[in-house]
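Please look over the sequence and the structure shown below before reading on. The briefing that follows takes up a few selected parts, one topic at a time.

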Amino acid sequence: MKVFRAHILVCGGTGCKSMKGDEIRQALIKEVAEKGLADEVRVVDAGCMGYCAAGPVVVIYPEGTFYQKFQVSDVAEVIEEHIVKGRPVERLMYVPPEGTAAIPHMKDIPFFGKQQLIALKNRGLIDAEKIDEYIARDGYQGAAKALTEMSAVEVVNEMKKSGLRGRGGGGFPTGNKWDFCQKAEGDVKYILCNADEGDPGAFMDRSILEADPHAVLEGMIIAGYAIGATKGYIYCRAEYPLALRRLNVAINQAREYGLLGENILGSGYSLDIEIYQGAGAFVCGEETALMNSIEGKRGMPRPRPPFPAHKGLWQKPSVLNNVETYANVPQIMLNGGDWYASIGTERSKGTKVFALTGDVKNVGLVEVPMGTPIRDIIFDIGGGIPNGKQFKAAQLGGPSGGCIPMSAVDTIIDYEEIIKVGAIMGSGGLIVMDEDTCMVDTAAFFMEFCQDESCGKCTPCREGTKRMLEILRRITKGQGRDGDIELLEELAYAIKDSALCGLGQTAPNPVLSTLRYFREEYEAHIYNKKCPAGICKALAQYTIDAAKCVGCTACARKCPQGCISGEKKEPHVIDQSKCVKCGVCMDTCKFGAIALG
Amino acid sequence: MAKLTVEDLKKIKERAQREDQFRSGEKRTKITVHLGTCGIASGGKKILDTVMQEIESASATDVLVTTSGCIGICSREPLVTIETSGSEPIVYELLNPAKMQQIFRRHVLEGAVQTEFVMARGKEQER
């Protein structure tokens, strides 16, 4: 039998044949013969190789080199290079498309690999409506330990040791809060849960309640035991129907098992929890306003002191913690305060959940250890900015927070470090913004939110936010005046110093932080009447680049104002006095001749 | 139902863990459809419907279907996790009913992982 040094297999499947597979085979045979290789190389008409999308397919053995989309014109090159000189032609070689490579493990994907789950430990693993699945993953073991093996004082001490701080935004040490209330005198005490998540773009608490409602109930049972509460309320906004439904199911299941009600787990401790639905007012996330709302009054803050630990709901000692704070508690009881304190930084312990949204590839819910740089969250976990755009800023802390620019993106997640760069930890909303974002417009958006949500009880917040919004809107409309920036700053500090509650005191933060890092953008709006990002329409002009315009008349025909004129095959012009800046011309132009700036 | 004691809690935990190990029982495959608000908003319920229809038309008796909350990466919803006895869980992303149908017929019934729709394998590490 004759031995060939190489076999060239030409796919003879219908797919490849229909793409001139036979011609390629004939050409290969002819070329092999002409080079005098007919005794060394055999050309084979092979069966379908199964990868028709890449056809015509040619495979050369013994190496098994896989050539795709092979053409008659490639024949001479492949014979000369591959067969004669032994150099495979890389140009034609098959490159595996994304996704067919080996499947990565969850922990090898940066999105998951860089996270550490405590509050979200059951995410995606259990059915939120089945209490047994929660129990299977150590559910209610923390409560069992606290209620049957520890005294209330020991529970508080364990919490102090853990260093857990309020995850709703304030960052007040949870153990200390419980301590105050434990020591407060009162026949009735209340344990409250703040699930009135209201920051734009934030959904941490909603996700926890939807995925793992029992973790929150267990946290409340432990906290209630520590302070001696017999009644608990979860204040949740009515806009969260799924969270409310799953919470209701969870509460009923816990009652059925006797994990809520009289004599829980035979410990002698009794607690019942009820849901109170809020109407979705932002101010009701403020603790005293929340208590007013549960009492049936208007959701307006009360002056502090007296603090809720002494005079809270119905003037009784109360502890209010956020959803995420409670979700951490069972783990702390189970694994000990020292374990929790071993995670994180000097003053910020444990992990923090962030709702990652905006101009970032992997929008989602992430939980990272304290001390993680913001850069890692945005670029590794978040996957960076989509569509090849540049990062501009990250908004942290919602309407009470601030914008972090590229120069501060290496700041670590830590209550104090974030304050230093002009933002706040907040409840964990993290909105990423790309280069196409106007910072004045962003500040105006948050100011509009605060102004809209201001309850109106105190003048600085009610009037101050309105005046600040007016100035910001004026600037974005191209009517900014010399002195506006200074006036904004003066108002901002006045509101910060004199507003009654946290909402008002922090409302100017987005303006102050954008002024700190993007002052030149405000100046461009006011003095040059330009919006560098091209967002503020009043300041933008559509112009036609005469060099690129071919005079196709497409834009002139589409313009609703009829304000584009020009002869056929001649550059066109936009009449700026009539233009309404709808942008139709720019969308219509196939030559990229229309620019916004 | 009577009040639970700490002992009962441990018993429930053991029982529930046994049940969760569907591998030892009659169920061969567990399909988890992630139905947080993000999953529902991107069409997760249609995926669940597709799974139920496929189970019915294939008369599959060894497939366990359950739902769960947000897995974290909301931008890849709808997501489904498929665990088959003896192999690592596979998480499929960006699903639609057609993809789910293919996954059910080829992966669940025939054991061939549909690599082109897979996001990852395995479970997230705890702590």
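Strand β11 (residues 391-396) of chain A is joined to β12(A) by four bridges, and the two strands run antiparallel; strands are DSSP runs of type E with at least two residues, helices are runs of H or I with at least four residues, and both are numbered from the N terminus. Two strands are said to pair if DSSP finds at least two bridges between them. The model is a predicted one, in which local features need pLDDT of at least 70 and side-chain atom pairs count only at pLDDT 80 or more, while totals for chains, interfaces and linings use all residues. Residues are numbered from 1 along each chain as its sequence is written, and chains are lettered from A and ligands numbered from 1 in the order in which they are written.

**The sheet in chain A**

- An open sheet is formed by five strands of chain A in the order β10-β9-β13-β11-β12, with mixed pairing.
- At the edges of this sheet are β10 and β12 (402-405) of chain A, each of which pairs on one side only.
- On average, neighbouring strands of the sheet are turned by 30° against each other, with direction ignored, where each axis is a line fitted to C-alpha atoms.

**The contact between chains A and B**

- Chain A gives 44 residues to the contact and chain B gives 36 residues, where two residues are in contact if their C-beta atoms, placed from the backbone, lie within 7 Å.
- Elements of chain A that give two or more residues to the side touching chain B include α6 (141-149), α11 (241-256) and β10 (364-369).
- The residues on this side of chain A divide into 22 nonpolar, 12 polar and 10 charged; Ala, Val, Leu, Ile, Met, Phe, Trp, Tyr, Cys and Pro count as nonpolar, Asp, Glu, Lys and Arg as charged, and the others, Gly among them, as polar.

**Chain B**

- Chain B has four helices and five strands, and from the N terminus on its elements run α-β-α-α-β-β-β-α-β.
- Of the 127 residues of chain B, 37% count as buried, a term for residues with 20 or more other C-beta atoms within 10 Å of their own.

**Ser293 of chain A**

- Ser293(A) is found in helix α12 (residues 287-294) of chain A, and Ser293(A) counts as buried because it has 22 C-beta neighbours inside 10 Å.
- Leaving out residues up to four places away in sequence, Ser293(A) touches Gly278(A), Cys284(A) and Gly299(A).

Definitions and conventions. Buried ≥ 20, exposed ≤ 12 C-beta atoms within 10 Å, placed from the backbone. Axes fitted to C-alpha atoms, helices over the stretch in contact; angles between N-to-C directions.
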